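Reader: I am new to reading protein models, and I would like to go through this one slowly with you. Could we take it in short turns, with each term explained when it comes up?

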Amino acid sequence: MSLPDNEKILRIKHSLEKRVVTLPDGTFLPSIGQGTWYMGENPESRNKEIKALQLGIELGMKLIDTAEMYGNGDSERLVGEAIKGRRDKVFLVSKVYPHHSGLDLIESACENSLKRLGTDHLDLYLLHWRGRVPLAETIEGMERLRKDGKIVRWGVSNFDTDDMLELWDTANGKNCVTNQVLYHLGSRGIDYDLLPWHHEHNMPIMAYSPLAQGGSLRRQLLSDPTIIEIAERYNVQPLQIALAWTIRSNNVIAIPKAVKEEHVLANAQAATIQLTIEDLNRLDEVFPKPTRKIPLDII
């Protein structure tokens, strides 16, 4: 796949501008952003990874997701370098460790992330997963950070339906703007109850590993005859069909990781694919929606 010229970049940006997800506060975000898990850990790949992120920003995938956990801060440092001089074009997301989410540590954890990222604020700060710190304490910490201007908004990650119900019933819990969870064609557990709950409460899901991280599920997304047939009809790659499926509604933001520029381009171009009802029904036959509650998949 050749790298884009200016005309192609504008065409892809236009597609991403039309495929948006709305946060509860009215903020519009492109339905495809950029993940950074495992990025920044190999010095030999650093320049390539920075260029990939910068291309994604240029294409309109302005949401970049990272975490203090990724490479013990190395991912945040990489992102900070990639967005230098581009901060106003980026919607920046990071995540706090559960054991840093209490009132005694959350402020310093956030400040350390800000230093590594080279910015004075996060657009979104997420609790990476539930730990032993009470939700009420984490929410209070998030609200303090918001009041101090260090974060604009906050959310959670790896929360199942029961967790969201508890969050919703906790003071200021309704200020949560998103929940980042594993979601792709081969992992559809949230379709049973979590995704409908989010839709009912006008809170989008952020889908990490939307192309599966690897192993047999990844191979299935690449080799399934139905996906291949649909991809050939659209003249795209199988994984682009899988990504287009993930963003088929206006309630999911996918954050695939790409360390090569051609993969960044492929991810962005998935926003140009509008799957038909027939396409979706055929994919449902191969990758069926769950008919019972399934515990949340976490990797």
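Author: Let us begin with charges: Lys and Arg count as positive and Asp and Glu as negative, while His and the chain ends are not counted, and the place of a charge is taken as NZ of Lys, CZ of Arg, CG of Asp or CD of Glu. The model is predicted, so local features need pLDDT of at least 70 and side-chain atom pairs count only at pLDDT 80 or more, whereas totals for chains, interfaces and linings use all residues. Residues are numbered from 1 along each chain as its sequence is written, and side-chain values use heavy atoms, with hydrogens and water left out.

Reader: How far apart are the mean positions of the positive and negative charges of the chain?

Author: The chain carries 36 positive and 41 negative charges.

Reader: How many helices and strands does the chain have, and what is its radius of gyration?

Author: Helices (H or I, at least four residues) and strands (E, at least two) are DSSP runs numbered from the N terminus, and the chain has twelve helices and ten strands. The radius of gyration is taken over C-alpha atoms, and the globule rule is 2.2 Å times the number of residues to the power 0.38. For 299 residues that rule gives 19 Å, and the chain is as compact as a globular protein of that length because its own value is close to this, at 18 Å.

Reader: What share of the residues counts as buried?

Author: Buried means under 20% relative accessible area, exposed means over 50%, and partly exposed lies in between (1.4 Å probe, protein chains only). Of the 299 residues of the chain, the share that counts as buried is 56%.

Reader: Which residue forms a salt bridge with Asp 65, and are the two partners buried or exposed?

Author: A salt bridge is a side-chain nitrogen of Lys or Arg within 4 Å of a carboxyl oxygen of Asp or Glu, and the side chains of Asp 65 and Lys 95 meet in one at 2.6 Å, N to O. Asp 65 lies in strand 4 (residues 63-65) and Lys 95 in strand 5 (residues 91-96), so the pair ties together parts that are 30 residues apart in sequence. The partner asked for is Lys 95, and both residues are buried.

Reader: Where do Asp 74 and Arg 77 lie, and how accessible is each?

Author: These two side chains form a salt bridge at 2.8 Å, N to O, and they are three residues apart in helix 3 (residues 74-82), which separates them by about one helical turn. Asp 74 counts as partly exposed at 28% relative accessibility, and Arg 77 also counts as partly exposed, at 37%.

Reader: Which residue forms a salt bridge with Arg 116?

Author: The closest N and O atoms of this pair are 2.6 Å apart. Arg 116 sits in helix 4 (residues 106-117) and its partner in helix 3, 40 residues apart, so that distant parts of the chain are linked. That partner is buried, with a relative accessible area of 0%, and the residue is Glu 76.
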